[in-house]
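This report describes one protein chain for a reader who is new to structural analysis. Please keep the sequence and the structure in view while reading.

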Amino acid sequence: MQMPFGYGLSYGTDFSQEIVSTEQNEDSVTLKVHAANNGTKAGKDVVQVYYNPPYTDFDAKNSIEKSTVNLIAFEKTDDIQPGAAQDITVTVTKEDMASYSYAHENSDGTKGAYLLEQGDYALSINKTAHEEYQSVTVNVPQTIWYDNDNPRQSDKDGQAILDDQGDPTNEPANGDTFKAASNLFQDMTDHMSKTSQLTRANGALSNTATFPTKEEMADISAAFNAKTDDEGRLILQQMDLDTDTTLGNTAGSKVYTTEKPTSNADNGLTLSDLRGVDFNDTKWDQLLDQLEWPSRMPE
């Protein structure tokens, strides 16, 4: 039996949910949700918040794909007695509703950026991904591009120096500046843009993908260890780590080395010692040096 995402059985409880208030500012939307237990037993429920972004001609022309149902936040209630209820507050950050445009040309010469597109976004509380309790409309008055001139706050948080509690300080760890997400594997993007994709551009969601053509197969690296079966289908093979000439433990491969890593170092560190330590701190290397590596190494 197939169940939709978010499905759960609450053993005798019968919950209902209602949005009782909505507040928003430039950066976020806060929903106050009334969760009521209409059943015969005490139990907990989960407030699931989903969004459905606008899909426009701009998206279709620029190969921007968007799902119609996206889980963006959730909160669990306390134990609620039969006939009782609890109000749950859930805050959604608007930039988390952004979509990625891999074809966007940025002003600094990079390619690809997130954007929060202008239009109406449906923000809903759901029982499951397929069953909606109620929804509200959130309007974004103008399109916002999150390029290197305007990185998302989530990008900044991921690249920031952390304080003693492990929270981002809004200071870049590299000592320079924050970087927005952009294409890092342009060769793969160029290859994939020539193949058929799952898309909404033709109206209803349709899968136009087919088996790779001879031209597409010619672009596939030998590192994929692929072969073609009798029906022309591409079959990926298990890599032999001892003999693979691209990624194996054999002289001349891209990862082969005769240098052994440091092992069993006495640096006196535990994983808990590194809570809140910056990603680039050398203590991470010192912790890895304490690990015991296998005695067998490539010769």
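Strand β8 is mostly covered, since seven of its ten residues are buried. Here, buried means under 20% relative accessible area, exposed means over 50%, and partly exposed lies in between (1.4 Å probe, protein chains only). Helices (H or I, at least four residues) and strands (E, at least two) are DSSP runs, numbered from the N terminus.

β8 pairs with β9 in the antiparallel sense over nine bridges, and a hairpin of two residues joins these strands. Threonine 128 has glutamate 131 in β9 as its bridge partner. β8 also pairs with β3, again in the antiparallel sense, over five bridges; valine 49 stands opposite isoleucine 125 of β8. Two strands count as paired if DSSP finds at least two bridges between them.

## Basis of the model

This is a predicted model, in which local features need pLDDT of at least 70, side-chain atom pairs count only at pLDDT 80 or more, and totals for chains, interfaces and linings use all residues. Residues are numbered from 1 along each chain as its sequence is written, and side-chain values use heavy atoms, with hydrogens and water left out.

## The largest nonpolar core

A nonpolar core is a set of buried Ala, Val, Leu, Ile, Met, Phe, Trp, Tyr and Cys residues joined through side-chain atoms within 4.5 Å. The largest one holds 22 residues, of which Leu31, Val49, Ile72 and Leu123 touch the most other members. Two or more residues come from each of β2 (28-37), β3 (46-52), β4 (70-76), β5 (85-93), β8 (119-128) and β9 (131-140).

Contact means heavy atoms within 4.5 Å. Leaving aside neighbours within four places in sequence, valine 49 is in contact with residues including Leu31, Ile72, Val90, Leu123 and Ile125.

## Two residues with positive phi

Most residues other than glycine have a negative phi. Serine 63, in the loop between α1 (57-61) and β4, has a positive phi near 55 degrees. Serine 63 is partly exposed, at 32% relative accessible area.

Asparagine 170 also has a positive phi, of about 70 degrees. Asparagine 170 is found in strand β12 (residues 168-172) and is partly exposed, at 41% relative accessible area.

## The chain as a whole

The protein chain contains five helices and 16 strands. Buried residues make up 27% of its 299 residues. Among contacts between residues at least 6 apart in sequence, 56% join residues at least 24 apart.
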